[in-house]
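Subject: Structure handover

Hello,

Here is the structure I promised to pass on. Please open it alongside these notes.

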Amino acid sequence: MKLALFADIHSNLEAITACLAHAQALGADRYAFLGDLVGYGADPLAVLDIIEQYAADGAVVVLGNHDAAAVGRPADPLNASAQAAIAWTQAQLGDRQRAFLTALPLTVRDGNTLFVHASAAAPERSIYVTGPAEAERSIRAGNAVYIFCGHVHEPKLYYLGADGRPMPFRPVSGTPIPIGKHRQWLAIVGSAGQPRDRINKACYAIADLERSRLTFFRVPYDHDSAAQKIRAAGLPERLARRLERGA
Amino acid sequence: MNPPGPGTEIDGFCLGEMIHVGSMASIFRLSGPHGPLPLIMKIPRLGPGERAVNVISFEVCRMVMGALAQGPHHPTLVAFGDIETTPYLVMEHVDGVRLNDWVERAPIAPQEIARLGAALALALHDLHRQDVVHLDLKPTNVLYRPNGDAVLIDFGLAHHSHYPDLLAEELRFPVGNWVYMSPEQALGVRCDPRSDIYALGGILYELVTGRVPFGKPSTIAELRRRLYRDPIPPRALVANTPEWLQEVILHCLEVDARDRYASAAEVAFDLANPAQVALTERGSRHRRAGAWTLFHHWVQTRKFEPAPCPPPSTAIGPAPIVLVAIGPALPDAALFEALRDAARRLVAADDQCRIACVTAVPPAAALRGERDEDTATGRHIQHLLKLRRWATPLQLPEERLTYHVLESENPAAALIDYARMNDVDQILIGPPRRSTPARLFPGVSAQVVAEAPCSVTVVRPRPES
């Protein structure tokens with residue numbers, strides 16, 4: 001069983017299409033979308049169409065702070081360009097999309113695995129897991145062997161050491177990391193739709209929980225088209241440049 | 001379950017003769033139907049009374065060996081068992097002579113040492129090129145195949161930069177063989193390939209002189225003595241040691257990794273081409289440093305900072321991060337402007353530089369209020385807004401700015417922790433407040449200055465004249 005994990009897609013159709021094709025080629029047979037499906041990008045409807053289809057087939061989907069803002073329930077103040085994109089997104093969404101987003105849970109638990117957008121310590125507050133202290137709080141509150149999350153746009157893996165302190169690790173694309181069940185793990189899969197680590201390739205990960213392996217991937221995609229659509233939609237220029245630069 | 005022994009069958013592999021039993025694992029030859037390679041099975045010693053590091057080291061061994069490309073310089077990993085049920089590794093049985101056999105006959109001839117050393121250096125280089133550092137190099141972990149190739153075994157303490165370093169948590173007590181351990185490894189650095197070059201120098205020293213360069217330390221203090229005490233030059237112990245060989249050995253044994261050979265391939269080259277070795281004072285040294293130099297080294301050791309690890313082959317240098325610490329108290333306009341000025345200069349000097357605006361506040365759970373801004377979420381937002389207000393006049397693109405509200409009873413520790421874990425390059429912080437009696441309560445700023453893992457600039461607004 002290969003579980004493909006996507007976070008922070010942010011209405012980037014080109015990125016999610018490339019990631020899904022990559023995951024299918026590798027034999028993914030389960031899917032989880034870890035929030036922030038919309039916001040920033042220019043294709044909210046097409047992206048939601050795809051994810052609704054996967055959800056109907058049993059995929060896990062959790063709510064992100066941009067999704068909450070898009071249905072009028074902001075959790076945190078957003079910066080100016082994010083706010084502009086949300087206002088634009090709200091105008092695009094129809095009743096069906098609004099109902100889909102509104103019904104999304106903040107967390108989904110499946111056996112020893114927890115899916116959440118931000119920190120499991122307070123899913124509704126969208127806390128950034130930017131260091132071991134936040135990771136530790138999330139791991140303690142999550143009470144799961146595996147926590148898969150997003151929100152922070154750079155891929156990172158935290159593992160609980162013998163002394164109970166999470167150690168951060170920056171994964172290398174394509175290297176399967178053994179994630180034994182005898183430890184606790186928190187994986188930030190990285191952003192599919194708006195990577196910010198100066199690499200303009202989409203992030204996602206595949207977990208093979210039977211074989212206890214997690215592989216992070218960087219997938220090249222047509223970021224020029226995605227950026228052009230953002231410009232054409234009249235969204236802030238910096239959102240387009242971000243995709244081109246990956247930062 | 002009974003301890004495994006000859007005749008036991010595990011996952012279809014039939015154990016033969018036990019060929020090694022160590023503190024961490026037992027090793028059996030495998031009997032029965034053979035494939036293209038003679039095989040052995042390594043079974044870690046787990047269970048009551050055994051050390052936790054055995055489990056971790058098993059995980060590390062499996063991870064690193066599984067990642068190495070098949071090659072002549074390490075045994076090929078064939079199969080492994082599940083760590084939770086039947087942990088074992090099945091790998092190629094390397095039929096070779098242990099380096100230990102030569103060490104026991106030391107001192108041996110320089111030409112022989114050069115041959116063994118060059119082969120070992122090439123094996124190390126092969127490992128280092130795959131972003132692996134062995135970190136437990138010793139004569140019992142090196143074998144020589146009949147064709148002269150060196151083979152490294154036992155990757156239980158190795159570091160692979162593509163995988164989480166599971167042993168990092170064991171840092172309080174440096175893991176590995178203390179006899180050959182590099183100074184930086186003794187201080188907890190586990191990612192520098194030049195640590196293996198240091199251990200190689202120690203092994204060459206032993207082959208030349210018949211003794212180890214720094215004795216056999218049994219306490220951390222004895223282990224750390226190599227940070228300031230230089231070894232007796234090999235020529236002082238074995239007079240006919242060629243200068244080139246002493247030069248190579250002492251070059252490998254430099255305290256600061258930056259002063260050593262930059263790669264094992266260079267060591268191999270020098271050992272293979274003695275006439276080409278550039279001789280310096282190291283080669284002709286005939287005694288250890290005198291008391292005055294020793295004292296000087298000892299003083300310097302107190303502020304010794306290990307060299308940063310060279311970036312792995314796949315690393316893409318992240319942009320430098322500057323942390324600006326914004327106090328949670330009432331805004332101080334003059335200080336805020338001074339902090340912005342300092343930040344502007346850093347940002348102007350380096351267009352990759354990112355600014356992390358950080359404030360540290362007591363945990364929100366302690367608050368219960370009626371008004372919206374007294375709730376945990378409300379207060380979090382207030383702090384974020386304050387950070388944004390501080391940063392807005394910088395007019396930086398948003399991808400170069402991040403905002404963080406750290407919740408902690410100890411704000412200084414939270415800032416230091418943040419800086420450490422996010423590889424912050426520099427911290428900008430205001431001065432300790434004047435009203436606080438500095439000697440009794442040094443304050444957040446003073447603690448950050450004292451303990452931060454990076455440069456800290458204390459920014460003080462100019463007094464109005």
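Predicted model: local features only at pLDDT ≥ 70, side-chain atom pairs only at ≥ 80, totals over all residues.

Residues count from 1 along each chain as its sequence is written, chains are lettered from A and ligands numbered from 1 in the order written, and side-chain values use heavy atoms, without hydrogens or water.

Start with the interface. Chain B gives 41 residues to the contact and chain A gives 40 (contact: heavy atoms within 4.5 Å). Together they bury about 3400 Å², 51% of it on carbon and sulfur atoms (buried area: accessible area, 1.4 Å probe, lost by two parts on being put together, summed over both).

Four salt bridges link chain B and chain A (a side-chain nitrogen of Lys or Arg within 4 Å of a carboxyl oxygen of Asp or Glu). One pairs Arg183(A) with Glu59(B), at 3.1 Å from N to O. Glu154(A) and Arg354(B) also form a salt bridge, at 3.5 Å from N to O. Both Glu154(A) and Arg354(B) are buried (under 20% relative accessible area, 1.4 Å probe, protein chains only).

Now the whole structure. It holds 34 salt bridges over all chains. Within chain B, Arg194(B) meets Asp192(B), with the closest N and O atoms 2.9 Å apart. Both residues, Arg194(B) and Asp192(B), are buried. Lys138(B) bridges to Asp136(B) at 3.9 Å. Glu337(B), Arg340(B), Asp341(B) and Arg344(B) form a salt-bridge network.

Best wishes

Key
Buried < 20%, exposed > 50% of the residue type's maximum accessible area, 1.4 Å probe, protein only.
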